[in-house]
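Q: Could you walk me through this one? Start with what the pairing words mean, please.

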Amino acid sequence: MCNNTKLIDSLYIKIYNLFIFSKKKEKKMKKILSLILCLAMAFTMSTALTGCNDDTLYVYTNAEFAPYEFIEGADVVGVDMEIAEAIAEKLGKKVKIVNLDFDALTPQLSNLKDNEIILAGMTITDERKEKADFSDPYATSIQYIIYDNTQSVILDTIAKLEGKKVGVQLATTGDYIMSDFTVDNGYFDLTVNQYSSAQSAALILLKGEIDAVVVDKLPAEMIANNNEKLTAVAASYEVDNENIFASESYGVAVKKGNTELLSTINTVIAELIANGKIIEWTNQYSGIVA
Amino acid sequence: MFKKIADSFYTSLIYKDNYKIYVLGLKNTLIISLFAVIIGVVVGCLVAVVRYNSQAKKKSNPLSLLCDFYVMLVRGTPVTLQLLILYFVIFDFMKYQQILIGVLAFGLNSGAYVSEIIRGGILSIDKGQMEAGRSMGLTGKQCMLYIIMPQVVKNTLPAIFNEFIALIKETSVVGYIGVIDLTFAGKLIQSGYAEAFLPLFVVAGVYLIIVYLMTFVLKKLERRLSRSDRN
């Protein structure tokens, strides 16, 4: 795992030899080239040394999902980050956060290494379970509809959204459910616009280009709290007497088959639920932004 | 109205030390741009000379074919895709050094464009210059280095700086691989604190200042280089 630095070093030496011991020796060329290579090497070393460490737990997240993860100063904070710290403490490792777009996390699921986890308020679904192993749920959520309460038509249920434009966050549960809404699938037709974060979808909603937004409960409530024009309500839609917006659970994703890490994470989550820490953090971080 | 702007200024910059993320973003943007420009110029010059030589001799060798392929590949695909391919596929073994991957991606991208600018610059120099140098007894390499290249640098300076400016702004897509640059910093504040406009304007202002400084440097350089001009 930590061979990166050595690998890069040997690469540089090879390139260096290629230029220096070639048949035509030009002193100036040599000087310039070695200077450039030295510069490049110093640069790689500095980044490589800070980046590569065996006792580091890499946490993939998308810091646009308050209160679970968001930016404060130059740091990523939130409920998930507290959980990550707790897990790392148990493992005796340090946390390093890798902040990607949420839709970039989905391909990352099948690409996880042993020292990497995904903690991004990610709902446990069957599709995702095929690519990675999920921990026990640490929080539950349901999908909410956010609508503009100044409009004449109040779009507070899913059934009213027929033929409307609905905004979702790309690759989230809301996206998966709403994208299934077509006549062919036994529902009705509507247009789904995908955005990279719930917040940007809400901004588009305020501009009036879409009619409603379907996202997870806590972000929806925070968006509605921050804006008097927007209201959020729980979504529900019944097909054959079964609510397709049943409650969903957030879990930690680890590499498929890494049962050792998974059981450690499950122990930590069980502890945090038992001593009420998760609820405490959720209240704490919801308060900060709202 | 003013109260609203002041409030939004407060949340997007001062509240919870939020300005720190812009500083971090600026640092990353500058690091990536600076090293990418260095790689771009070095790669660009080498590729330009190789391609010019094979063109002048009307004969292609494996190296020039490789360079042709490289320029075609880089100019034929969007920089965002190149970045993602480098990050997810080629440099998967060192994926925590995202800044380094960003530097390589933008450096190689810029190299292709710079090479074309410089090749055009070499072609624009009158044939007589090379011939005069050769008849004075200089070798082909010396002619290139001491007669052609100085003129090329002077002629292509505006185009090269244009490329640098474009490069600085292109680095705004580096957020795709998780590097917090200026644009991504603005986006994070925007979505974290429900501030629609101000973070965008702050970021735009910073880019504007950087580009303005670059233009200033270009003007100074051009003035210095035109000192020997006849009119």
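A: Two strands pair if DSSP finds at least two bridges between them. Strands are DSSP runs of E, at least two residues long, helices are runs of H or I of at least four, and both are numbered from the N terminus. This is a predicted model, where local features need pLDDT of at least 70 and side-chain atom pairs count only at pLDDT 80 or more, while totals for chains, interfaces and linings use all residues. Residues are numbered from 1 along each chain as its sequence is written, and chains are lettered from A, ligands numbered from 1, in the order in which they are written.

Q: How many bridges join β5(A) to β15(A)?
A: Four, and the two strands run antiparallel; β5(A) covers residues 116–123. In that pairing A:Thr123 stands opposite A:Tyr250 of β15(A).

Q: And what about β7(A) with β15(A), parallel or antiparallel?
A: Antiparallel, over three bridges, with β7(A) running from residue 139 to 141. A:Thr140 has A:Ser249 of β15(A) as its bridge partner. There's also β6(A), residues 133–134, which pairs with β15(A) in the antiparallel sense over two bridges. There A:Asp133 is partnered by A:Val254 of β15(A).

Q: How do β9(A) and β11(A) pair, parallel or antiparallel?
A: Parallel, over three bridges, between residues 165–169 for β9(A) and 212–216 for β11(A). One of the bridges puts A:Gly167 with A:Val213 of β11(A).

Q: Why does A:Ala171 count as partly exposed?
A: Because A:Ala171 has 19 C-beta neighbours inside 10 Å.

Q: What about the phi of B:Lys58?
A: Also a positive value in a residue other than glycine, near 55°. You'll find B:Lys58 in the loop between α2 (19–56) and α3 (62–76) of chain B. B:Lys58 counts as exposed, because there are 6 C-beta neighbours inside 10 Å.

Q: Last one, the two chains. How many residues are in contact?
A: 30 residues of chain A are in contact with 25 of chain B; being in contact takes two C-beta atoms, placed from the backbone, within 7 Å of each other.

Q: Which elements of chain A supply at least two residues of that side?
A: α2 (27–51), β2 (70–72), β4 (94–99), α7 (198–207) and α8 (217–226) of chain A each do.

Q: Where does the largest share come from?
A: From α2(A), with six residues of the side of chain A that touches chain B.

Key:
A residue is buried if 20 or more other C-beta atoms lie within 10 Å of its own, exposed if 12 or fewer, and partly exposed in between; C-beta atoms are placed from the backbone.
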